[in-house]
Amino acid sequence: MSSVESTKNRTVTITIDGKKIETEYGKTILQVARENDIYIPTMCYLTKVEPIASCRMCVVEVEGVDGMILSCQEKAVDGAVVTTNTSNLERERQNIMKLYDVNHPLECGVCDKSGECDLQNKTLEFNVSKQSFSAKDMSRPTQDWGFISYDPSLCIMCEKCVRVCNEIVGSEQLQISVGGYKSTIVNTKPESDCVSCGECMAVCPVGALTNNDFKYSANAWELNKVPSACAFCSAGCELSYETKHASIDDPQEKIYRVTNNFEFSSLCGAGRFGFDFENRDAYRDPAKFEAAVEAFKKADVIRMSSLTTNEEALILQRVANEVGAKLECSDAYGFSRFLKAYQAASGKRFWGASLSDLSQSDIILSFATRFRDDAPMVKNHIAMASKRKKAKVVYMHPIEDSRIGNLITRFVKYEPGSEEGVAALLLELLTKESTLPESLKATIDDLDIGNLSGESSVSEEELEAIKCDFWKRKNFTLIVGADIYNHPRVENIAKIFAAIEKFSNFKLLVIPPAGNSLGVSLICDLSSDTEGYSVGYNAAADFTLSALGGGDLDMPALNQQEGTIATIDRRVVPLNAALGYDGYTLNDIANALGVGKNYTIDFTQELPKESGFKGAVFDALDTGFSASGEDLRGYCLAESASEENFEIEEPEELPSFDGVVVYCVNPAQNPNPFTQKAKLTQSVAKLLGSQQFATAAKLQEGDNVEFGIGGEIVKRVFKIDTSLKGTIALNPTFDMGLSAFTVSSYKFSKVNINKVGSANE
């Protein structure tokens, strides 16, 4: 038995402050103490990163050991007797605070962090009422980093910001400029948008890193904290909206900022800064309401978007059943086809990997997703695996992404439209050494590997190089994403990946394409038949109910209502209303049609159990984490088991994408029309292409162009992006309003670009 195996599942017994505790081998003294509600003070420690060990605040005494030890990095040893609070420890911690207070003037009256400052709290905790020494002051001007400002004179060099930037976000943008008392944090890429995620600011224990928009606008103790979740992508990250009345004259609450439990969770820039998307001007107009009810009664099609709660999805399904309409959701339909085909093949309801599994992987293969934009939390967990596990990361995509060059170890380019062929190549590669059912083995043996390789541009040498990366690796994760869901052969692709997961070492992680696409797919019977009179719920239609405003009837935005969403980790998490809403809700219309409830959240306990929901009452759902970081929010969807059926077809002839091609993708900081409405995350939509693309399309920087995608005419200004290569341009859709949710085409499109204005005009 190896030394690793011999310690697996081993336990140790440790005594802390007289309390005997049995715990898992390998945990630190600080971890054990926190799990058992024993307080040890820290300043630099952050649960989600490796121990920093710079503050020495967490010192403890261990019986039989001379001197003090750092509990944040010392492992719990069987039989150890630990004391966390003595007069010597108190004096040591007080001296540490005196040193911190020299480096950080306690100007709490004007500091934006006052009221929630760790330094302020511990200065009081350790009774530092006066200072017996001082240091010469020096000029340290505040630096503007976009959304964030950095004040070196308030920095205590705890290193938390640097660690999350490197270990969690993976951007390696923040570094320490070492110089003793002159040490500062350095932003090495000030022109980059990396700090717009706000992770560094969130973990700062003092006022050194602050939100420029929030600064001097409110005190921490004035704000009401409303726990909720971000619904912009499928990660469903934990967050809290912090609100108060904007002024005496304004009776409405206003969201001043978003925070999160930074010890255990993270947020991207859209979740942290794109918070003010509420439908503030809604009101009740009985005539408009009656028009909406009549529109539903005559609807042939009800359209919706994935930025919808599970409860609203269930209401729309019941309304559709009641009025005899088809239910259509363009951003979830392809995914629902993938999910059903995967379930039929695998005999399981859900894929096997979680974000936590991803962060523990030492081999990661990413396919059909530009994950830095599609799923920022997937990118963060890849960064954790890369930094901590030295993971080999293979990035397979038609477009290289230079922004993740420090995370990936191999880029494999394939041709747009060839996803089915590449999936078949991966099936053959990854199951070579497995015992397969005869029918599946026969299908694989019949594959024309040479032809698939040639047509997809993935060489057999590249495939063998991928296989070589597996040497001496144990934890394998295969990521698949949004590029395949609107592929015409999505069902066969889903079966292929189900077989790979079953007959290889890889766990599968599937990225749902939009906020609550998983919940919508589990609840709704979606159709692609869009003929006839249509009613849209946050989707463009003949009669539109809109949370963006400007529709035929206003609806509440997701920060104005209660409900639940389903995440990439197959967890149902609650949303809470941060702001009031004065208009009608979907449940009001459901009541007028005879299928409503007293409240929208009365539908929470009626979510379909046959799809994995548990019938939980909304008000019983938790919203937080345990002391050790376990996610307690909501509940996990139930798995199921049925007969496997790996009837995979041979790939069809791969399509050709010669000519001018655009790829529809939104930047991580502005993923949809709701973040485009928010003050801090809105931006100008441009068609981005390389110089090579500009030459092929006969364009120049600044040209005004138009082209058609998914039945919509898109107008853009063309911009050359020097980080891009090849002849595929990036096209965002966040500025298209509710029409963005009705674009259902495959993400790569051959287009005819018409120049309607020259850069020289």
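Residues are numbered from 1 along each chain as its sequence is written, and side-chain values use heavy atoms, with hydrogens and water left out.

- C268 is placed in the loop between β13 (250–259) and α7 (269–273), where helices (H or I, at least four residues) and strands (E, at least two) are DSSP runs numbered from the N terminus.
- With a relative accessibility of 15%, C268 counts as buried (under 20% relative accessible area; exposed is over 50%, partly exposed in between; 1.4 Å probe, protein chains only).
- Apart from neighbours within four places in sequence, C268 is in contact (heavy atoms within 4.5 Å) with C197, P376 and M377.
- From C-alpha to C-alpha, C268 and C233 are 10.0 Å apart in space, and 35 residues apart in sequence.

**C237**
- For C237, the closest cysteine sulfur belongs to C233, at 5.8 Å from its own sulfur, too far for a bond.
- C237 also counts as buried, at 13% relative accessibility.

**Confidence**
- The protein chain averages a pLDDT (the predictor's confidence in each residue, from 0 to 100) of 93, and 97% of the residues score at least 70.
- Over residues 1–6 the pLDDT is below 50, and this stretch has 1 contact in the model beyond near neighbours in sequence.
- Where pLDDT is low, the predicted coordinates should not be read in detail.

Notes. Predicted model: local features only at pLDDT ≥ 70, side-chain atom pairs only at ≥ 80, totals over all residues. Disulfide = S-S within 2.5 Å.
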